[in-house]
Amino acid sequence: MTKAARKLDTSVPEKGRLPAHEVIYRQLRDLVLFGDLAPGQPVTIQGLTDRLGAGMTPVREAIRRLISEGALEFQGNRRVCVPLLSADNISELIIARQWLDPHLSLRATERATPCDLDQLAAMDADLDEAIRRGDLRGYLELNYRFHKRLYELADAPILANMADGLWLRFGPSLRVVCGRLGTQNLPDKHKDLLAAMRARDAESAARAIREDVIQGMEQVRQSFETPTPIR
């Protein structure tokens, strides 16, 4: 996570305050979420313990949780992998995000303070800088943190948890798509969203985030329509 993202991501407690198994879970979750584990590429459980510098027990527990969340699948012979998305999977994700993200943005607009909006704007500025530098990992992390902060501001924890969980499904494929397109070809609607939120125009904020979601998810869909499979 970048310095700015760490400063602004108030939902994540300091690691020293978390149980060891939770720290390992979050580390492995980030490897999935930001595409460090490529979709369809098997990895051994031992390989993950070595990569995370952790014991077998907390890694197995983290894997179990991520399998239950649909972020990993067991392949036998002590191997797991990030599932490959199908065209139907992508269609379902688009349908879900087209409702969840706008609804959460509408609620966030009604509840956000000027300080909250300043934080979002700072995150978006860091995101622009990551794009300018061609920092793919920084872009992916900051884009996710921006949306996650928006979910938190909505004060709807059940819906926010559902929306956040969807990122585990498409995040790894988004890494592949962004790697193909390059960061300079990754436009978003964040500034339109922020302008609407500052104006307390909840409907326009919901519309901006819906366009943002469709734009990003359609890039994933189009990538699956190319002759070269995602690997």
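Helices are DSSP runs of H or I comprising at least four residues, and they are numbered from the N terminus. In the predicted model described here, Trp-167 and Phe-170 are 3 residues apart in helix H8, a separation of about one helical turn. The rings of Trp-167 and Phe-170 have their centres 4.8 Å apart and their planes at 45°, so this pair is classed as tilted. Both Trp-167 and Phe-170 are buried, and the relative accessible area of Trp-167 is 3%.

The structure contains 3 aromatic pairs. One of them is formed by Tyr-144 and Trp-167, which adopt an edge-to-face arrangement with 5.4 Å from centre to centre and 70° between the planes. Tyr-144 belongs to helix H7 (residues 136–153) and Trp-167 to helix H8 (residues 157–181), so the pair ties together parts that are 23 residues apart in sequence. Tyr-144 is buried, with a relative accessible area of 2%. Together with Phe-34, the residues Tyr-144, Trp-167 and Phe-170 form one aromatic cluster.

The overall fold was examined next. The protein chain comprises 10 helices and 3 strands, arranged along the sequence in the pattern α-α-β-α-α-β-β-α-α-α-α-α-α. Of the 231 residues in the protein chain, 48% are buried. Among contacts with a separation of 6 or more, 75% involve residues 24 or more positions apart. The accessible surface of the protein chain comes to about 11,200 Å², and carbon and sulfur atoms account for 51% of this area.

Charged side chains were then considered, and the count of salt bridges comes to 20. Among them is the bridge between Asp-124 and Lys-191, with a nitrogen-to-oxygen distance of 2.9 Å. Asp-124 lies in helix H6 (residues 114–133) and Lys-191 in helix H9 (residues 190–198), so the bridge ties together parts that are 67 residues apart in sequence. Asp-124 is buried at 3% relative accessibility, whereas Lys-191 is partly exposed at 47%.

Other salt bridges lie within a single helix. Arg-26 and Glu-22 meet at 2.9 Å, N to O; both residues are located in helix H2 (residues 20–33), 4 residues apart, or about one turn of the helix. In this pair, Arg-26 counts as partly exposed because its relative accessibility is 27%, while Glu-22, at 13%, counts as buried. A further bridge joins Glu-218 and Arg-221 at 3.1 Å, N to O. Glu-218 and Arg-221 both lie in helix H10 (residues 202–224), where 3 residues, about one turn of the helix, separate them. Glu-218 is partly exposed, with a relative accessible area of 23%, and Arg-221 is likewise partly exposed, at 23% relative accessibility.

Finally, cysteine residues were inspected. A disulfide is a covalent bond between the sulfur atoms of two cysteines. The structure holds 0 disulfides. Cys-81 is buried, with a relative accessible area of 2%, whereas Cys-115 is partly exposed, with a relative accessible area of 48%.

Conventions: Residues are numbered from 1 along each chain as its sequence is written. This is a predicted model: local features need pLDDT of at least 70, side-chain atom pairs count only at pLDDT 80 or more; totals for chains, interfaces and linings use all residues. Side-chain values use heavy atoms; hydrogens and water are left out. A disulfide is a pair of cysteine sulfur atoms within 2.5 Å. Buried means under 20% relative accessible area, exposed over 50%, partly exposed in between (1.4 Å probe, protein chains only). A salt bridge is a side-chain nitrogen of Lys or Arg within 4 Å of a carboxyl oxygen of Asp or Glu. Helices (H or I, at least four residues) and strands (E, at least two) are DSSP runs, numbered from the N terminus. Contact means heavy atoms within 4.5 Å. Accessible areas come from the Shrake-Rupley method with a 1.4 Å probe; for residues, only the protein chains shown count as cover. Rings of Phe, Tyr and Trp (its six-membered ring) pair if their centres lie within 6.5 Å; planes under 30 degrees apart count as stacked, over 60 as edge-to-face and the rest as tilted.
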